[in-house]
Amino acid sequence: MVQRQLPKVGELLELMQFKKPELDARTRRLDAALTIGDLRTIAKRRTPKAAFDYTDGAAEGELSLARARRAFEDVEFHPDILRPAADVDTSCEILGGPSALPFGIAPTGFTRLMQTEGETAGASAAAAAGIPFTLSTLGTTSIEDVKAANPHGRNWFQLYVMKDRSISYGLVERAAQAGFDTLQFTVDTPIAGARLRDKRNGFSIPPQLTVGTIVDAIPRPWWWIDFLTTPKLEFASLSTTGGTVGELLNAAMDPTISYDDLDVIRGMWPGKIVVKGVQNVQDAVRLIDRGVDGIVLSNHGGRQLDRAPVPFHLLPKVVREVGEDATVMVDTGIMNGADIVASIALGATFTLIGRAYLYGLMAGGRQGVDRTIAILRSEIERTMTLLGVSSLAELEPRHVTQLTRLVPVDGSAVDARA
């Protein structure tokens, strides 16, 4: 029989310890975000539809993006038991320098459109976390201002080869002079992908006011106040503005880009050079054989060719062919630290995050990017501890099984290329 008694005042007081309220609204909402998905929810609530959809969307039916995310969801981990991993080391060496975590911030265009702090928030957050930051050719903060925001950290520059080659060459020279240590030569954007959300939203650079955008602005006054009271939104490295994203890309990009262009840029660039946008094994082998410093398996976040190969699925095949010592990075679809751990286990040297970073930016500026990094760091450390590994070097393919719902038909082109 249960014994009952009158409540004791001292015990009641112990239970009535009230948490000190957080008065800062930004800190309060970011503290409540426990996952990148939570940051995405906050970002969607705080950002106009056209800007959010530009970040969140992908090409055509958005199948490439959905498949990339599903590939990470379809991971089965195999932990080791009775292997203490109390002190987890997440640091690594990448392209001749250190990184405190096995991921860096990927290049993203028009970043001040999402939140006015833009690339400055990303670069300064990366500096604080000890990870690389990549500035896009289509960035809205200059090479020099990114260097000022991250003066002692790892700055990388992503290069598009323009129809007017002198523009690209000038950007390479500026990035080198500013001390950027790595160039990402991007090869998957000869023309713009069909980003249908942008077309349906009438999205353009700079944003155009319509009845729809005004109605959409009513519950988001903070975004418009930032937009209207800060420097004009424009490309920091290009003079071309005005039009839809597709029109701007098609006007600037050159579908004749070739290995000759890669050779020219390699001759100009004094630092490390990686090729971003590799999507099959043969190209990976060819590039490593030509002596590039690394490759990024990427389908541009699903924003170019829909139904493109899933980079995470390609990863173990590429590593087998090019060797474990080659620098192979991967992006597209990463939304959890466990995705990063799985990539490292299957042979990736490093990973890059794009949307995850932008969701944090839209949710809370620099503080939001810090929160993105903190969430991913916590997930990486927890996953490694539960797997029984103390360092990234201890992660092996045996820790991961890639389950798949996309099984190639026998004799298909996919099998032949693999």
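User: Which residues of helix 5 are buried?
Analyst: Ser64, Leu65, Ala68, Ala71 and Phe72, in a helix that runs over residues 63-73. Buried means under 20% relative accessible area, exposed over 50%, partly exposed in between (1.4 Å probe, protein chains only). Helices (H or I, at least four residues) and strands (E, at least two) are DSSP runs, numbered from the N terminus.

User: Why are they on the same side of helix 5?
Analyst: Because they cover an arc of only 125° around the axis. The arc is taken from the directions from the helix axis to the C-beta atoms.

User: What covers them?
Analyst: The cover includes helix 4 (49-56), strand 1 (75-77), helix 16 (311-322), helix 17 (337-345) and helix 18 (355-387).

User: What kind of model is this?
Analyst: A predicted one: local features need pLDDT of at least 70, side-chain atom pairs count only at pLDDT 80 or more, and totals for chains, interfaces and linings use all residues. Residues are numbered from 1 along each chain as its sequence is written, and side-chain values use heavy atoms, with hydrogens and water left out.

User: Switching to Thr189. Where does Thr189 lie?
Analyst: In the loop between strand 7 (182-186) and helix 10 (196-201).

User: Buried or exposed?
Analyst: Thr189 counts as buried, because its relative accessibility is 6%.

User: Which residues is Thr189 in contact with?
Analyst: Tyr160, Met253, His300 and Gln304, leaving aside neighbours within four places in sequence. Contact means heavy atoms within 4.5 Å.

User: And Met16, where is that found?
Analyst: Met16 sits in the loop between helix 1 (9-15) and helix 2 (25-31). At 47% relative accessibility, Met16 counts as partly exposed.
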